[in-house]
Amino acid sequence: MLQRLFGAGGGPLERTPNKAVLFGLRFTNLAVLLILLVFFALSAPGFLSLVSFSNILDSTSVFLLLALGETFVIFAGGIDLSVGSMLSLGGVASASYMSERFAAGDDGVLTTVVGILIACAVGLLGGVLNGVVIAYMKLDPLIVTLGTLGIFLGIADLISNGLPVGDLPPAAFTLGNGQFLHVPYVAIIALGFAAVLSFVARKTRFGRYCYAIGASQESVRRAGVNLNRHTIMLYGISGALAGLAGMLNAAHFSSASSSAGANALLVAIAAVVIGGTPISGGEGKIWGTVIGALIYTLLDNGFVLMGIASFWQLVVVGALIILAVYLDEYQRRLRLTVGISRDTEGVAPALAADGAAGQDSTGAKASA
């Protein structure tokens, strides 16, 4: 009784501080966001204005779409280095079509809708290519997507002849720059995808499999999940969102070029990692990625308003990435200390139940 009361010999009271620290670390990214908001509100003239916040949402949206797809891939322990090039390719492909139609006298909404579909289809095709090579050739995602990074960028240059593609229809410009109650259309689209993907990640079998694959791929294989199909779907989602981001980026600037995604990969991975998703996979939250993307954009916008050179933003973001990785490792060690498992929200029991149900209904496991 005395040991339990005073915490001697590793009792409950001895573990409580570590659990409290773990609880606090889960909200580190939100704390950083609030600190930045207060700092720039006090230091940057014009930061607290509707125009400033509208610009922040606008700037965040395109990169957030990239980061959302990247988040799902990282949930499952993968990586997609080709998202920046896919942004460029999707933007150039859709802009080329819309520019051609506009030159022929078509400036309607249908042209813009088709441009969106083209960008998503191009991105989906590229993502599926990544997934097929990774799944069936059993190659490292880092190497595969590094290779397709160059391939997609080269194709974007071939389509555009290395030149910007402009003269987009007015409907595209409206989509890229219009607002509803001071909220940009692109922000509404990006946050809508974030809400849907957050539901998918936490409440669907597909989402549970993503976490489970990142935590233990072999356990998922034994449960009868078709890993090849799941991998292709993951990279397909990442590619489609990158293509859509490319089209929205082109619509915003009324121009598309192969260099549009030059810094996009850094921003996407920074948003994911700063948002609390470990690069090793198996856990994380979509809304954490949203916070991570906002942190990046706040730094960008705040530094501009304060007149600070833009390269300092890269320094700060790089430091935040390293800090986020360190805090993740620190949390992992604390979990081992207090005996808390990774935050996979009951994935293992659900996975076992899904695997059992699948075997009962088919009589055999699905092929891996």
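Reply:

Taking a disulfide as a pair of cysteine sulfur atoms within 2.5 Å, the count comes to 0 disulfides. Such a link is a covalent bond between the sulfur atoms of two cysteines. Of the cysteines, Cys120 counts as partly exposed because its relative accessibility is 23%, whereas Cys210, at 0%, counts as buried; here buried means under 20% relative accessible area, exposed over 50% and partly exposed in between, with a 1.4 Å probe and protein chains only.

The model is predicted, so local features need pLDDT of at least 70 and side-chain atom pairs count only at pLDDT 80 or more, while totals for chains, interfaces and linings use all residues. Residues are numbered from 1 along each chain as its sequence is written, and side-chain values use heavy atoms, with hydrogens and water left out.

The protein chain has 16 helices and 2 strands, where helices (H or I, at least four residues) and strands (E, at least two) are DSSP runs numbered from the N terminus. Of its 368 residues, 47% count as buried, and its accessible surface comes to about 17,300 Å², with 68% of that belonging to carbon and sulfur atoms; these areas come from the Shrake-Rupley method with a 1.4 Å probe, and for residues only the protein chains shown count as cover. Among contacts (heavy atoms within 4.5 Å) with a separation of 6 or more, 81% are between residues 24 or more positions apart.

Helix α6 covers residues 109-137. Its 29 residues reach 42 Å from the first C-alpha to the last, close to the 42 Å expected at 1.5 Å a residue, the expected span being 1.5 Å times one less than the number of residues. The buried residues of α6 are Thr111, Thr112, Gly115, Ala119, Gly123, Gly126, Gly127, Asn130, Gly131, Val133, Ile134 and Ala135. An α-helix has 3.6 residues a turn, so residues three or four places apart point the same way. What the buried residues of α6 pack against is α5 (83-103), α7 (141-160), α8 and α12.

Val109, which lies in α6, counts as exposed because its relative accessibility is 58%, and together with Leu110, Val113 and Leu117 it makes a nonpolar surface patch of about 400 Å². Patches are made of residues with over 30% relative accessible area and no salt bridge, like charges being joined within 9 Å and nonpolar side chains (Val, Leu, Ile, Met, Phe, Trp, Tyr) within 5 Å; a salt bridge is a side-chain nitrogen of Lys or Arg within 4 Å of a carboxyl oxygen of Asp or Glu.

Most residues other than glycine have a negative phi, and most peptide bonds are trans. Asn161, not a glycine either, has a positive phi of about 60°; it belongs to the loop between α7 and α8 and is exposed, because its relative accessible area is 64%. A further positive value, near 55°, is that of Leu181, found in the loop between β1 (179-180) and β2 and exposed at a relative accessible area of 67%.
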